[in-house]
2 protein chains.
Amino acid sequence: MIRLLLADDQALVRGALAALLDLESDLEVVAQVGRGDEVVEAARASGAEVCLLDIEMPGLNGIDAAAALRRELPGTRSLIVTTFGRPGYVRRAIEAGASGFVVKDTPSRQLADAVRRVHAGLRVIDPDLAAESLIDGPSPLTGRERELLTYALDGSPVATIAARVHLSEGTVRNHLSAAIGKTGATTRSEAARIAQDRGWL
Amino acid sequence: MIRLLLADDQALVRGALAALLDLESDLEVVAQVGRGDEVVEAARASGAEVCLLDIEMPGLNGIDAAAALRRELPGTRSLIVTTFGRPGYVRRAIEAGASGFVVKDTPSRQLADAVRRVHAGLRVIDPDLAAESLIDGPSPLTGRERELLTYALDGSPVATIAARVHLSEGTVRNHLSAAIGKTGATTRSEAARIAQDRGWL
DNA sequence: AGCTCGCCGTGACACCTGTCATCGAGCCAC
DNA sequence: GTGGCTCGATGACAGGTGTCACGGCGAGCT
């Protein structure tokens, strides 16, 4: 009997996944949480062996939760289950110590197998995503560029961003200009979108 | 036995919801589709009585799918099940003939009850969302404004948008300026975001 | 017929943005 | 220490953007 923890912020999806996995005779959902910062505690209390983690969660994202799990409970394995198959996410998830990466587009029958493989100590990674994350390479963005791009995601004017990070307007423009060059974009909004698509933010 | 159809573009979520609902002794999932434009055909072929529709789907969105269902198979009822509880979505869903509107944040135990109520001819609508959609009122945007805002969502420059819709640059700026005023924004990106949040796009 | 309203266009103006050249401070390698 | 690198900052300039005033067209209503 493999003991599972589910972490997803959408209660309906969480409950549905639990129903799906409980159908398998060798799997057992022993904990469910809706926030990333509750994962470690719930995993410890429930004695979960494999944790299924969504990426977008309040409190702590799934990748950071996987890192926390590796640090606090090294025996527990993590499987990222997310909507967005962004190359940078895969890379960061593996670096954070996750054992697997599955997108929510995969057929539901394959999920249980993925869980079993992860539990057995194998790596489970969507092959297309793995290839993409290899050719893309790691993020070329510097820390500031990444930070400013996240603020530029919603199209905020430069002045607003500059005020938020306590920088000069010209400096913000320069960093964003560099990011625009690195992403091959022509606008800071486009650059932000591209960076997000690749999982660089 | 209530016959159900599931429409959601994420196979994993679809399969999981099927597992959840099949646990109920009076519910039976008789069809699953991953595209909005396959809903009517699948509902006809399977004889589904209640259709659970996600909004974001390729081919046809869930609201338009509900409208198509009312037109083609008036006896079939629709229940919108979506991630985003946007006020405008609720209004449009009801106008399109949907019998219910549930967000994916709701506890999974309540889903089966919602399905039963819809099947019985009742309306099931998240009370908070219903209130919001009432105070917000309908979209104040004209057709062009709405169209141009969707193109402005990713922060495209005015010239690009103008070329895409075969309009003059000045005209595009004027329409977007009107939309900016109506949304209370100061930038076309912000206006687009606000309009999207309210379900006006 | 007048009237309103949505839609398309032009021109002008103030302001914002992206790019470039340039500078200084800190840090690491040789 | 010198050279090379990144980060932060400034200033200047061309081009993009939001706003306003104005005009014209067609559809629908009184």
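**A working chat about chains A and B**

Q: Where does Arg71(A) lie?
A: Arg71(A) is part of helix α3 of chain A, which covers residues 62–72. Please note that this is a predicted model.

Q: Is Arg71(A) buried or exposed?
A: Arg71(A) has a relative accessible area of 61%. The cut-off for exposed is over 50%, so Arg71(A) is exposed.

Q: And what separates the C-alpha atoms of Arg71(A) and Gly97(A)?
A: Their C-alpha atoms are separated by 9.2 Å, while the two residues are 26 residues apart along the chain.

Q: Stepping back, how many helices and strands are there in chain A?
A: Chain A contains 10 helices and 6 strands. Its C-alpha atoms fill a box of roughly 60 × 30 × 30 Å along the principal axes.

Q: How much of chain A counts as buried?
A: Of its 201 residues, 50% count as buried.

Q: What about contacts in chain A between residues 24 or more positions apart?
A: Such pairs account for 64% of the contacts with a separation of 6 or more.

Q: Now helix α5 of chain A: which residues are buried there?
A: In this helix, residues 109–119, the buried ones are Leu111(A), Ala112(A), Ala114(A), Val115(A) and Val118(A).

Q: Why are they on the same side of α5(A)?
A: They cover an arc of only 160 degrees around the axis, and therefore sit on the same side of α5(A). In general, an α-helix has 3.6 residues a turn, so residues three or four places apart point the same way.

Q: What comes just after α5(A)?
A: Gly121(A) is found there, with a positive phi of about 95 degrees.

Q: New topic: how do α1(A) and α1(B) cross?
A: Each of these helices spans residues 11–22 of its chain, and their axes come within 7 Å and cross at roughly 70 degrees. The two helices are therefore roughly perpendicular to each other.

Q: Which residues meet there?
A: Among them are Leu12(A), Val13(A) and Gly15(A) in α1(A), and Leu12(B), Val13(B) and Gly15(B) in α1(B). By class, this contact has 12 nonpolar, 2 polar and no charged residues.

Q: And how do α7(B) and α8(B) cross?
A: The axes of α7(B), residues 143–152, and α8(B), residues 158–165, come within 10 Å and cross at roughly 125 degrees. These helices are therefore oblique to each other, and their crossing is right-handed.

Q: Which residues make that contact?
A: From α7(B) come Arg144(B), Glu147(B), Leu148(B), Tyr151(B) and Ala152(B), and from α8(B) come Ile161(B), Arg164(B) and Val165(B). The contact has 5 nonpolar, no polar and 3 charged residues.

Conventions:
Residues are numbered from 1 along each chain as its sequence is written. Chains are lettered from A and ligands numbered from 1 in the order in which they are written. This is a predicted model: local features need pLDDT of at least 70, side-chain atom pairs count only at pLDDT 80 or more; totals for chains, interfaces and linings use all residues. Side-chain values use heavy atoms; hydrogens and water are left out. Axes are lines fitted to C-alpha atoms, for helices over the stretch in contact, and angles run from 0 to 180 degrees between N-to-C directions. Helices (H or I, at least four residues) and strands (E, at least two) are DSSP runs, numbered from the N terminus. Angles under 35 degrees count as roughly parallel, over 145 as roughly antiparallel, 65 to 115 as roughly perpendicular and the rest as oblique. A crossing is left-handed if the near helix is turned anticlockwise from the far one by less than a right angle, and right-handed if clockwise. Contact means heavy atoms within 4.5 Å. Ala, Val, Leu, Ile, Met, Phe, Trp, Tyr, Cys and Pro count as nonpolar, Asp, Glu, Lys and Arg as charged, and the others, Gly among them, as polar. Buried means under 20% relative accessible area, exposed over 50%, partly exposed in between (1.4 Å probe, protein chains only). The arc is that of the directions from the helix axis to the C-beta atoms.
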